[in-house]
Amino acid sequence: MVQAALLGLCPECGAKTLYGGPASFSDKCSACGLDYSSFNVGDGPAAILTLVLGALIVALAISFDIAVRPPFWVHVIIWVPLTCLMVVASLRVTKGALLIAEHRNRAVEGKLAEQDEEA
């Protein structure tokens, strides 16, 4: 699953068609036709990344400031681009992993698997 999320592979056929942009999905797989818009990834990955990456960047920035004492503009030049790159790269992977997990588990919003089998 991690490799599929890293490479943007379709969870159905394995084609490299999952992403249409840096952190956005394509509408559907051009190889097998799987509709990616039917999956609801939501804001969970972004919320988790905000907490985890925010804590990591703040810890690194404080450590760097204590060790080197650079001027403020050096912090801006280092941490703003690094934060943006880390967020986009990790958001892409976490959103992909969540979509792949939803596909593998046949997750449907508001329904349980047992309810589908009974109907």
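Before the first click, a definition: buried means under 20% relative accessible area, exposed means over 50%, and partly exposed is in between (1.4 Å probe, protein chains only). This is a predicted model, where local features need pLDDT of at least 70, side-chain atom pairs count only at pLDDT 80 or more, and totals for chains, interfaces and linings use all residues. Residues are numbered from 1 along each chain as its sequence is written, and side-chain values use heavy atoms, with hydrogens and water left out.

**Stop 1: the rings.** Select Phe-25, which is partly exposed at 21% relative accessibility. A search of the whole structure turns up 2 aromatic pairs. In one of them, Tyr-19 and Phe-25 are stacked, 5.8 Å centre to centre with 15° between the planes. For the cut-offs, rings of Phe, Tyr and Trp (its six-membered ring) pair if their centres lie within 6.5 Å; planes under 30 degrees apart are stacked, over 60 edge-to-face, the rest tilted.

Jump to Phe-64 and Trp-79: their planes sit at 75° and their centres 6.1 Å apart, so this pair is edge-to-face. Phe-64 is in helix 2 (residues 44-68) and Trp-79 in helix 3 (residues 72-104), so the pair ties together parts 15 residues apart in sequence. Helices here are DSSP runs (H or I, at least four residues), numbered from the N terminus. Trp-79 is buried at 12%, while Phe-64 is partly exposed at 24%.

**Stop 2: charges.** Go back to Phe-25 and show Lys-95: its charged end sits over the ring, 5.3 Å from the centre. That label needs NZ of Lys or CZ of Arg within 6 Å of the ring centre and within 35 degrees of the ring normal.

Arg-69 is exposed at 60%; Asp-65 is partly exposed at 22%.

**Stop 3: a contact list.** Finish on Cys-29. Leaving aside neighbours within four places in sequence, Cys-29 is in contact (heavy atoms within 4.5 Å) with Cys-10, Cys-13, Ala-15, Thr-17, Leu-34 and Tyr-36.

Technical notes
Helices (H or I, at least four residues) and strands (E, at least two) are DSSP runs, numbered from the N terminus.
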